[in-house]
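Q: I would like to go through this model before setting up any calculations. Could we take it topic by topic?

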Amino acid sequence: MFKVAVLGATGMVGQKFIQLLAEHPWFKISSLAASERRVGKIYGDEVDWMVSSDIPDCVKDMEMVPMDPKHVDADIVFSALPSGVAKEVEKNFAENGFIVASNASAYRMAEDVPLVIPEVNPEHLRLVEVQKRKRGWDGFIVTNPNCTTIMLVLTLKPLMDLSLKSVRVASMQALSGAGYPGVPSMAIMDNVIPYIGGEEEKVETEPLKLLGQFDGEKVVPAKINVSASCHRVPVIDGHTEAVWVEFDRDVKVEDVVQAFESLKPLNLPTSPEKVIVVRKEKDRPQPRLDRDTGKGMSVVVGRIRKDKWGIKYIVMGHNTVRGAAGASILNAELMVKEGYIK
Ligand SMILES: NC(=O)c1ccc[n+]([C@@H]2O[C@H](COP(=O)([O-])OP(=O)(O)OC[C@H]3O[C@@H](n4cnc5c(N)ncnc54)[C@H](OP(=O)(O)O)[C@@H]3O)[C@@H](O)[C@H]2O)c1
């Protein structure tokens, strides 16, 4: 078993980490790090538990420690911190020899930091060697993408072989994506908010790195265009995205279905049996019905149809599982399998 710590354990993603790690066959929670006001307090007394199960017994009585490498005992540190805080804290842990698997955006686009989805670009993990050499850190940081990016890129990866040229996406993003307590209920009930700060920039840039080629020193970005419009909707969990894709050649619906179904799962504990589940019904996917597919680690696609410019479809995935905690855990499992964590 590897010892793991969660930074930001009381937040939306932190809670999902705890739920997933409590049952994990390789990882055992050894430390929970918290903001200053929580240090020394008992996790079960402090947290506003929001996920759909009881607080796991293994953390209920755990005392929270400061966000400081000297107080954390772990082989891997999972970060669920806001980006501004993550910048300093994650660096501090990596400098001090820790392996950091981060959900925050602070280092995602740094040239020497891997941004990884295991089924999409596992070879980008090799950037770790570049990072350690350039920064002189004993540890390192590996990141997973933004929650909207992950669902999208899992579907774009198999389309790259069909000469994908451009992508337009309109997201309908769940409330849990805004953290806890998140968007005020009076702002979101009976409403759609057509703006999420910083989100469109992430969804337009991260896919180019994820789908790019690692040349031994850096990632050469993929040559596709992505345009995004992001919206917050009154759904608890599950981001839905309407996607329009254009190709350099004529592509049929059957080609796209076949491409989606060809994306292979990995032999890792958190990997779902099917990475992309294609639904044939005309009114699926829906977040309430489909977000727990593959224990939240599959993405569900439907309404694949042709239009004047190419193909359009809907993709939906669980934002705090496949889009956040599950994504980091899968990255950590890949790092164990590839020998980055011993
Ligand atoms: N929610 C999603 O679906 C999702 C998906 C992908 C990525 N992410 C990313 O994951 C990270 C966490 O998101 P979230 O939704 O879990 O946010 P959240 O619910 O607001 O939780 C933030 C966590 O960070 C802690 N924290 C805040 N300020 C701190 C400080 N100054 N020092 C130390 N700890 C501090 C909070 O502790 P207290 O409780 O003590 O304040 C809490 O545990 C963010 O970077 C977010 O962008 C989120």
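This is a predicted model: local features need pLDDT of at least 70, side-chain atom pairs count only at pLDDT 80 or more; totals for chains, interfaces and linings use all residues.

Q: Which domains does the assignment give?
A: The domain assignment of the protein chain gives domain 1, made of 2-145 + 324-337, and domain 2, covering 147-319. Their C-alpha centres lie 24 Å apart.

Q: How many residues of each domain are in contact with the other?
A: In domain 1, 32 residues are in contact with 28 residues of domain 2.

Q: And which elements give two or more residues to the domain 1 side?
A: Those elements are α5 (127-135) and α11 (321-337). Of the elements on that side, α11 gives the most, with eight residues.

Q: What is the make-up of that side by class?
A: The side of domain 1 that touches domain 2 has 17 nonpolar, seven polar and eight charged residues.

Q: Changing topic to the sheet: what is the strand order?
A: There is an open sheet of five strands in the order β2-β1-β3-β4-β5, and the pairing is parallel.

Q: Which strands are at the edges?
A: The edge strands are β2 (27-33) and β5 (140-143), each of which pairs on one side only. From one strand to the next, the twist averages 25 degrees.

Q: How many bridges join β4 to β5?
A: Four bridges join β4, residues 99-102, to β5, and the two strands run parallel. Within this pairing, Val100 has Ile141 in β5 as its bridge partner.

Q: What about β3 and β4?
A: Four bridges also join β3 to β4, again running parallel. Here Phe78 stands opposite Ala101 in β4.

Q: Which way do the residues of β4 point, and are they buried or exposed?
A: Ile99 and Ala101 point one way from β4, while Val100 and Ser102 point the other way; all of them are buried. In general, side chains in a regular strand alternate between the two faces of the sheet.

Q: Which strands does helix α1 lie across?
A: Helix α1, residues 12-21, lies across β1 (2-7), β2 and β3 (76-79), and runs at about 160 degrees to β1.

Q: And helix α4?
A: Helix α4, residues 83-95, lies across β1, β3, β4 and β5, at about 150 degrees to β4.

Q: What is Phe78 in contact with, sequence neighbours aside?
A: Leaving aside neighbours within four places in sequence, Phe78 is in contact with Val4, Ala5, Val6, Leu7, Phe17, Ala101 and Ser328.

Q: Another residue, then: where is Val299, and is it buried or exposed?
A: Val299 lies in strand β12. It counts as buried because it has 30 C-beta neighbours inside 10 Å, and the threshold is 20 or more.

Q: What surrounds Val299?
A: Beyond neighbours within four places in sequence, Val299 is in contact with Met151, Leu154, Thr155, Ile276, Val315, Met316, Gly317 and Arg322. Val299 and Val275 are 6.4 Å apart in space, C-alpha to C-alpha, and 24 residues apart in sequence.

Q: Which residues other than glycine have a positive phi?
A: Among them is Lys295, with a phi of about 50 degrees, located in the loop between α10 and β12 (299-306). Arg303 also has a positive phi, near 50 degrees, and lies in strand β12.

Q: How exposed are those two?
A: Lys295 is partly exposed, with 14 other C-beta atoms within 10 Å. Arg303 counts as partly exposed too, with 17 C-beta neighbours inside 10 Å.

Definitions and conventions
Residues are numbered from 1 along each chain as its sequence is written. Domain bounds come from an automatic or database domain assignment. Two residues are in contact if their C-beta atoms, placed from the backbone, lie within 7 Å. Ala, Val, Leu, Ile, Met, Phe, Trp, Tyr, Cys and Pro count as nonpolar, Asp, Glu, Lys and Arg as charged, and the others, Gly among them, as polar. Two strands pair if DSSP finds at least two bridges between them. Axes are lines fitted to C-alpha atoms, for helices over the stretch in contact, and angles run from 0 to 180 degrees between N-to-C directions. A residue is buried if 20 or more other C-beta atoms lie within 10 Å of its own, exposed if 12 or fewer, and partly exposed in between; C-beta atoms are placed from the backbone.
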